[in-house]
Amino acid sequence: MKHINKVAQALQTTPEIVIQVCKKLSLVINKDSTIKQEVERQLIQLKEVAAAENMSLEEAVNHLLEMRSERSSSNKVVIN
């Protein structure tokens with residue numbers, strides 16, 4: 001487990017943004033402000049994609065949430 005400040009430093013962002021991203025994506029932050037290695041990996045992957053697409057971490061999160069929303073709405077079947 002890593003403290004959120006260390007993760008923010010690795011992502012070159014602030015702890016507040018890391019907290020915000022975790023909340024939006026429903027990723028768990030422990031009471032002692034640490035996160036599991038799996039969550040850290042997910043954040044790092046998101047940051048890598050954001051950088052590749054020339055987006056901020058926050059923009060990438062919003063884009064991901066939009067894609068999830070579109071996919072879930074397109075998977076719904078309407079029966080009359």
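Which residues touch the most other members of the largest nonpolar core? In this predicted model, the answer is Val18, Val21, Leu43 and Leu46, out of 18 residues in that core. Helices α1 (4-10), α2 (15-24), α3 (37-52) and α4 (57-74) each supply at least two of the core's residues.

- In soluble globular proteins, nonpolar side chains tend to be buried together.
- Leaving aside residues up to four places away in sequence, Leu46 touches Val21, Leu25, Leu57, Ala60, Val61 and Leu64.

**How α2 packs against α3**

- Two packed helices are described by the angle between their axes and the distance between the axes.
- For α2 and α3, the angle is about 100° and the axes are 12 Å apart.
- An angle of 65 to 115 degrees counts as roughly perpendicular, so α2 and α3 are roughly perpendicular to each other.
- On the α2 side the contact involves Val18, Val21 and Cys22, and these meet Val39, Leu43 and Leu46 of α3.
- Sorted by type, the residues of this α2 with α3 contact are six nonpolar, no polar and no charged.

**How α2 packs against α4**

- Helices α2 and α4 pack with their axes 10 Å apart, at an angle of about 5°.
- Angles under 35 degrees count as roughly parallel, and that makes α2 roughly parallel to α4.
- From α2, the contact uses Ile17, Gln20, Val21 and Lys24, while α4 brings Leu57, Glu58, Val61, Asn62 and Leu65.
- The residues of the α2 with α4 contact divide into five nonpolar, two polar and two charged.

- Is Glu40 buried or exposed? Glu40 has a relative accessible area of 10%, and buried means under 20%, so Glu40 counts as buried.
- Glu40 is found in helix α3.
- Its side chain meets that of Lys2 in a salt bridge, with 2.9 Å from N to O.
- The count for the model comes to one salt bridge.
- This pair links distant parts of the chain, joining Glu40 in helix α3 to Lys2 in strand β1 (residues 2-3), 38 residues apart.
- Lys2 is partly exposed, with a relative accessible area of 34%.
- Not counting residues up to four places away in sequence, Glu40 touches Val7 and Ile35 as well as Lys2.

**Two loop residues with positive phi**

- Where is Gln12 placed? Gln12 sits in the loop between α1 and α2.
- Phi of Gln12 is near 55°, which is a positive value in a residue other than glycine.
- Gln12 has 69% relative accessibility, and exposed means over 50%, so Gln12 counts as exposed.
- Ser26 lies in the loop between α2 and β2 (34-35).
- Phi of Ser26 is near 60°, again a positive value in a residue other than glycine.
- At 65% relative accessibility, Ser26 counts as exposed.

Notes:
Residues numbered from 1 in each chain as written. Predicted model: local features only at pLDDT ≥ 70, side-chain atom pairs only at ≥ 80, totals over all residues. Heavy atoms only, no water. Core = buried A, V, L, I, M, F, W, Y, C linked by side-chain atoms within 4.5 Å. Buried < 20%, exposed > 50% of the residue type's maximum accessible area, 1.4 Å probe, protein only. Helix = DSSP H or I, 4+ residues; strand = E, 2+ residues; numbered from the N terminus. Contact = heavy atoms within 4.5 Å. Axes fitted to C-alpha atoms, helices over the stretch in contact; angles between N-to-C directions. Parallel < 35°, antiparallel > 145°, perpendicular 65-115°, else oblique. Nonpolar A, V, L, I, M, F, W, Y, C, P; charged D, E, K, R; others polar. Salt bridge = Lys/Arg side-chain N within 4 Å of Asp/Glu carboxyl O.
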